[in-house]
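Thanks for passing this one along.

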There are 2 protein chains.
Amino acid sequence: MSEPIIPTYEGNYVFAEDRPLQLFSGGKLQPVRLRYAIYGKLNELRDNVILVCHALSGSARVGDWWPQLFGDGGVFDLERDCIVGINIIGSCYGSTGPRDINPETGEVFGMDFPLMTVRDWTKSQALLLDHLKIDKLRAVIGGSIGGMQAIQWAIDFPERVERCIAVGAAPLTAMGLALNHLQRLAIRTDANWLDGRYGDNHPPEEGLALAREIAMISYKSAGLLTERFKRKPNRSGENPLRSLTERYDVAGYLDYQGERFTRRFDASSYMIITKAMDNFDPAFGYQSEQAALERIRARVLLIGISSDWLFPADEVQDLSRRMRDCEVEAEYAEIESSHGHDGFLAEPQKLAALLSALLRS
Amino acid sequence: MSEPIIPTYEGNYVFAEDRPLQLFSGGKLQPVRLRYAIYGKLNELRDNVILVCHALSGSARVGDWWPQLFGDGGVFDLERDCIVGINIIGSCYGSTGPRDINPETGEVFGMDFPLMTVRDWTKSQALLLDHLKIDKLRAVIGGSIGGMQAIQWAIDFPERVERCIAVGAAPLTAMGLALNHLQRLAIRTDANWLDGRYGDNHPPEEGLALAREIAMISYKSAGLLTERFKRKPNRSGENPLRSLTERYDVAGYLDYQGERFTRRFDASSYMIITKAMDNFDPAFGYQSEQAALERIRARVLLIGISSDWLFPADEVQDLSRRMRDCEVEAEYAEIESSHGHDGFLAEPQKLAALLSALLRS
């Protein structure tokens with residue numbers, strides 16, 4: 001896809017102006033701004049909507065990060081489908097987040113921003129859909145944290161979701177919790193962090209870059225890194241045997257990714273969103289996981305990626321089994337890929353085949 | 001083992017006082033101090049010596065970190081064996097390191113300390129053994145970076161090494177290089193780092209703690225973390241759903257390990273040693289890997305740990321195959337363990353069985 005996919009509509013929905021939005025952690029937020037993007041048109045029956053939920057560093061502009069799923073004969077056909085993307089609260093891509101001004105103090109929220117959960121995201125998204133008079137969703141789809149939202153949607157709003165597709169998503173394992181913790185620690189180790197109340201010109205770039213680099217190794221499989229980088233010296237001509245700062249190619253790649261990330265993402269959003277990722281658990285707010293899963297009415301497709309070690313395929317498959325134990329019509333499929341967790345972005349063809357099958361059914 | 005194992009002798013060997021020690025990276029060091037420890041006694045034939053090489057954060061005092069291998073009927077019988085441990089150059093446990101005064105500047109070396117390689121370690125250790133009039137080694141044994149030294153010994157001094165046993169050691173893969181890079185980056189992100197010329201009272205503790213925590217997850221298997229920590233909240237009574245700083249148990253564990261490490265290890269030593277670990281490659285300084293491996297005369301036992309993802313068992317096994325292709329009498333054995341790379345310390349019984357078989361042969 002060389003042409004960018006332009007939303008039909010993109011804008012903000014502001015609500016909770018009179019009364020705060022009550023959050024599941026006990027906190028409140030007032031007002032709340034949700035940035036959303038719509039691709040294609042709502043049909044007369046208002047039944048052609050597919051909600052696509054984004055991952056950690058994604059945005060409402062689904063066409064920017066999943067362009068391969070659009071287009072003639074693709075998964076999303078804009079003559080037929082109406083694709084809605086909504087930026088999650090806490091992100092830095094348009095919705096209310098920790099870089100906004102806290103109306104109570106007149107200063108940037110920073111780490112006074114309330115703790116967000118995946119349920120707060122689905123609840124706020126549902127309010128936006130109410131506002132848009134979209135009652136039913138043909139499907140909710142997402143990868144990683146986007147997949148957590150898709151699952152949460154199916155649990156929280158069973159009557160609104162017809163199909164739920166989540167790729168590389170399940171409650172984090174202890175290893176996943178550890179990796180997220182280390183990433184937040186990296187940000188806090190940066191002297192510019194200042195508990196999230198840094199000036200716009202002095203963000204904690206080194207800490208955020210390191211966080212991203214730690215994340216990057218968890219998004220890739222060891223096999224892919226070996227295939228791409230082996231033990232080659234950095235392509236810039238460095239010689240790791242000459243000095244401490246000269247790097248191997250894999251290190252040069254990670255530093256490049258880390259630096260690039262600091263130009264497009266905010267450290268305090270990173271804190272808020274990874275914490276919500278930690279806390280994702282179908283049981284949250286319900287009597288038990290079983291009680292939560294039994295609510296689901298959607299047809300569910302959980303997709304694991306064979307080399308994903310952040311959300312191991314086993315964990316995804318196991319969640320689908322637990323859903324079936326609760327009489328959910330849940331299927332499991334696996335993408336064979338060396339890309340690791342990143343497979344949900346890096347394997348659009350394999351993903352498209354699976355998505356199309358369920359969406360067209 | 002409740003009784004501590006006390007060395008028969010512990011002291012320093014200082015050399016390269018008149019002429020500097022020439023290093024393989026091109027640098028020099030003058031003088032050089034090696035801290036060493038001897039357990040048991042050298043016999044009359046001087047043929048009962050086992051050199052035990054330590055890993056990243058180990059010391060010459062083998063009895064402190066491998067106590068289970070000593071004792072009646074154990075692998076090391078001090079009535080029969082003479083165990084020698086030597087602290088590697090660059091470490092902070094007695095040998096010359098980056099916290100020493102650089103005689104050229106009168107200040108702490110910091111990152112002016114010359115780049116070390118595993119070959120520099122074996123070369124300096126050989127000079128100490130010359131001084132001790134120990135010509136032959138019944139065995140050289142080590143795990144992780146200690147295993148790299150054992151392999152390097154067998155290559156560099158084929159006529160001196162009868163048996164070589166390396167556990168969880170091979171050239172690092174791209175994933176391993178990435179993990180080491182991130183650990184050094186964590187130290188450099190600490191504002192106290194100052195290129196290694198920090199004051200004794202202001203070490204880069206946060207950076208070093210984070211480096212250790214990143215390392216810890218690479219030393220453990222995901223399965224072990226799940227088994228131990230699951231998704232339990234931190235045992236101190238924290239509630240991760242209440243605030244951003246409240247942790248899951250695995251995070252509390254990592255922070256504890258990180259903090260503890262800063263009280264016993266130095267950040268600049270961490271830099272020097274992990275860099276040497278990166279650069280370990282049997283081919284280094286020889287015409288090819290084949291040319292290096294063909295030099296080996298020792299019986300070699302390479303031991304992989306089934307759940308090790310820092311030095312995957314496959315990599316260890318593959319190295320043993322390449323040795324055999326060079327006519328080396330090299331065997332491979334695997335320890336079945338969920339402990340990950342840490343298995344070389346955490347599975348002394350399984351290790352002892354393998355070591356004893358080769359040592360007694």
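1. Let's begin with the contact between the chains, keeping in mind that this is a predicted model. Chain A contributes 43 residues to the contact, and chain B contributes 43 residues. On the side of chain A that touches chain B, the elements giving two or more residues are α4 (174-189), α5 (205-219), α6 (222-229), α7 (249-262) and α8 (267-279) of chain A. The most comes from α4(A), with ten residues.

2. Next, the symmetry. Chain A superposes on chain B by a rotation of 180° with 0.0 Å of shift along the axis, at an RMSD of 0.0 Å. This is the relation of a two-fold axis. Because 100% of the interface residues of chain A are also interface residues in chain B, the copies meet through the same surface.

3. Now for a helix pair inside chain B. Helix α4 (residues 174-189) and helix α8 (residues 267-279) of chain B pack with their axes 10 Å apart, at an angle of about 160°. That angle makes α4(B) roughly antiparallel to α8(B), since angles over 145 degrees count as such. The crossing of α4(B) past α8(B) is left-handed.

4. Which residues make the contact of these helices? From α4(B) come Leu177(B), Asn180(B), Gln183(B), Arg184(B) and Ile187(B), while α8(B) supplies Ala267(B), Tyr270(B), Met271(B), Thr274(B), Met277(B) and Asp278(B). The residues of this contact of α4(B) with α8(B) divide into six nonpolar, three polar and two charged.

How values were computed:
Residues are numbered from 1 along each chain as its sequence is written. Chains are lettered from A and ligands numbered from 1 in the order in which they are written. This is a predicted model: local features need pLDDT of at least 70, side-chain atom pairs count only at pLDDT 80 or more; totals for chains, interfaces and linings use all residues. Copies are superposed by least squares on the C-alpha atoms of residues with pLDDT of at least 70 in both. Two residues are in contact if their C-beta atoms, placed from the backbone, lie within 7 Å. Helices (H or I, at least four residues) and strands (E, at least two) are DSSP runs, numbered from the N terminus. Axes are lines fitted to C-alpha atoms, for helices over the stretch in contact, and angles run from 0 to 180 degrees between N-to-C directions. Angles under 35 degrees count as roughly parallel, over 145 as roughly antiparallel, 65 to 115 as roughly perpendicular and the rest as oblique. A crossing is left-handed if the near helix is turned anticlockwise from the far one by less than a right angle, and right-handed if clockwise. Ala, Val, Leu, Ile, Met, Phe, Trp, Tyr, Cys and Pro count as nonpolar, Asp, Glu, Lys and Arg as charged, and the others, Gly among them, as polar.
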